[in-house]
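Here is a short briefing to read with the model open beside you. Please keep the viewer at hand, as the points below go from single residues to the whole chain.

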Amino acid sequence: MTALHEKNIGEISGMLRGRKCSSVELVRQFVSVIRSKDPAVAAFISLDEEYALEQARMADEELQKGTDKKLLGIPLAIKDVINVRGQPCTCASKILAGYVSPYDATAIARLRAEGAIFLGRTNMDEFAMGSSTENSSYKPTRNPWDLDRVPGGSSGGSGAAVAADETAAALGSDTGGSVRQPASFCGCVGLKPTYGRVSRYGLTAFASSLDQIGPMTKCVRDSATLLQVMAGHDVMDSTSANHPVQEYASCLDKNLKGLRIGLPREYFIKGMDPEVEKAIHVAVSQCEKLGARPVEVSLPMTPHAVAVYYIIACAEASANLARFDGVRYGLRAKDAGDPYEMYCRTREEGFGAEVKRRVILGTYVLSSGYYDAYYLRAQKVRTLIRRDFENVFANDCDLLLAPVAPTVAYKLGEKTDDPLQMYLGDILTIPANLAGICALSVPCGFTSGGLPVGLQIIGPAFREDLILRAGYAYEQATGWFLQKPPPFQDIK
């Protein structure tokens, strides 16, 4: 059997159009791989096999007619925070158990219009709150490179599904690094677009000023293809930017001649895994061979990013999650004596510990007497963080290179009892979200223990073309993205 499931979107698309395989054959192979591997990985919450095969048959008919759609017959997996019509959207939370989406998110509608097929829903930290996919109300997801380790989060299910070849590509959402960090931990490519580049309509909100939908793929060209389809202004999203969309795939180049790459000294922090730091420096040397010129730069407000992020994100989560009250949809506590008891018990029973922790913190910083001291001050510091990036891009460099995370994937359960340590693990990804700029994670090597390391490429707002070009040149010169996890035994 041809290993169709191991191929990327570009390769699969070529085989479909060349009649070397059918979309039905492709979907059946992915379903077979999911049934074989996912009992161990737990990347999927639900699989919509019947729907996927129906869409595959329709795709094969269109392929026979020569229909020109960018993603015709390509199976994708979707993080369980993005609405797909007719599929569950539970955000991995008990409070939305049984909820089925009646509509498509704009990003999904655009992918559907180009012929994409949606295999099912991938696991995540509840309401995207977490960095390890251990906060799911269903089950923890495991890293395909080492089943005793986390895949990262909150888009860990999507990252694990791509790494384990259970899907051609997947969608995640990135609020503070939730696409890039699991991409780094799982050895795949993860793109966080500029805020407003991809519509948030249909993305269940965690922190509205930070959330962005992003692709998780097997190579940079696939990320460029998915972004091309999803990007663009949307009248359904007031935060969607009316900014021209480039032909991202045509921007890819195998050299970096003339590019100045900044190395922010604040991103090479004390306590970083020495093997991670070494891999990043080797990657910088490779970029220099490709024609780039490295320069040291400073982003002095970086040390404040984690505190700023958790004040702003939790405040926005407190407001956004107020709608989950047992009145309109989702879980409703039984046998409540009055509406107030029903409301309180529904949220107590429906939300997990991490969600409760963040809602309580967010409510506190927004409360009378504390708003100015915490939330307003955090917004002011956020502006300073954004100005740091604007300054270095205007005067010192074209893009930035840095680690995605200070460490590689850690053991399951290692940080669940110390939330602060887990929060600090996002220190290198959070600043790009606060500034609203674009960033990319690409594989850049492995530790001596065989765990993937990710290189973060950060660019100015709406310069996805630049970071994709740099990521493509680097991956083509090194080939780290071609590595596959070792075979593993199912966990019973």
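H304 sits in the loop between β8 (293–297) and α9 (305–320). The model is a predicted one, and in it H304 is partly exposed, with a relative accessible area of 41%. Along the sequence H304 and A378 are 74 residues apart, while their C-alpha atoms are 9.2 Å apart in space.

**Helix α9 and A315**

- A315 belongs to helix α9, and with a relative accessibility of 2% this residue counts as buried.
- Which residues does A315 touch, leaving out those up to four places away in sequence? They are G362, V365, L366 and Y375.
- V359 is 44 residues away from A315 in sequence, and the C-alpha to C-alpha distance between the two is 7.3 Å.

- G177 is found in the loop between β4 (169–174) and α6 (180–186).
- Is G177 buried or exposed? At 2% relative accessibility, G177 counts as buried.
- Not counting residues up to four places away in sequence, G177 touches G153, P182, T429 and N433.
- G177 and G352 are 175 residues apart along the chain, and 21 Å separates their C-alpha atoms.

**Helix α1 and what covers it**

- Helix α1 spans residues 9–17, and its buried residues are I9, I12, S13, M15 and L16.
- Viewed down the axis of α1, these buried residues fall within an arc of 165 degrees, so they line one face of the helix.
- As background, an α-helix has 3.6 residues a turn, so residues three or four places apart point the same way.
- The cover over the buried residues of α1 includes the helices α2 (23–41), α3 (49–65) and α7 (220–230).
- The strands β2 (75–79) and β4 (169–174) are also included in that cover.

**Helix α7**

- Why can α7 be described as largely enclosed by the rest of the structure? Ten of its eleven residues are buried, so α7 is largely enclosed in that sense.
- The buried residues of α7 are V220, D222, S223, A224, T225, L226, L227, Q228, V229 and M230.
- After α7 comes G232, which has a positive phi near 125 degrees.
- As noted above, α7 is also part of what covers the buried residues of α1.

**Backbone geometry to look at**

- For context, most residues other than glycine have a negative phi, and most peptide bonds are trans.
- R19 is not a glycine, yet its phi is positive, at about 60 degrees.
- R19 lies in the loop between α1 and α2, where this residue is partly exposed, with a relative accessible area of 45%.
- F127 is another residue other than glycine with a positive phi, near 55 degrees.
- The place of F127 is the loop between β3 and α5, and at 1% relative accessibility F127 counts as buried.
- Where is the cis peptide bond that has omega near 5 degrees? This bond runs from G153 to S154.
- S154 lies in the loop between β3 (117–122) and α5 (156–163).

**The chain as a whole**

- The chain has 15 helices and eleven strands.
- A compact globule of 492 residues would have a radius of gyration near 23 Å, and the chain has 21 Å, which agrees.
- Taken along the principal axes, the box filled by the C-alpha atoms is roughly 65 × 55 × 45 Å.
- Of the 492 residues in the chain, 61% are buried.
- What share of contacts between residues at least 6 apart in sequence joins residues at least 24 apart? The share is 75%.

Notes. Residues are numbered from 1 along each chain as its sequence is written. This is a predicted model: local features need pLDDT of at least 70, side-chain atom pairs count only at pLDDT 80 or more; totals for chains, interfaces and linings use all residues. Side-chain values use heavy atoms; hydrogens and water are left out. Helices (H or I, at least four residues) and strands (E, at least two) are DSSP runs, numbered from the N terminus. The radius of gyration is taken over C-alpha atoms; the globule rule is 2.2 Å times the number of residues to the power 0.38. Buried means under 20% relative accessible area, exposed over 50%, partly exposed in between (1.4 Å probe, protein chains only). Contact means heavy atoms within 4.5 Å. The arc is that of the directions from the helix axis to the C-beta atoms.
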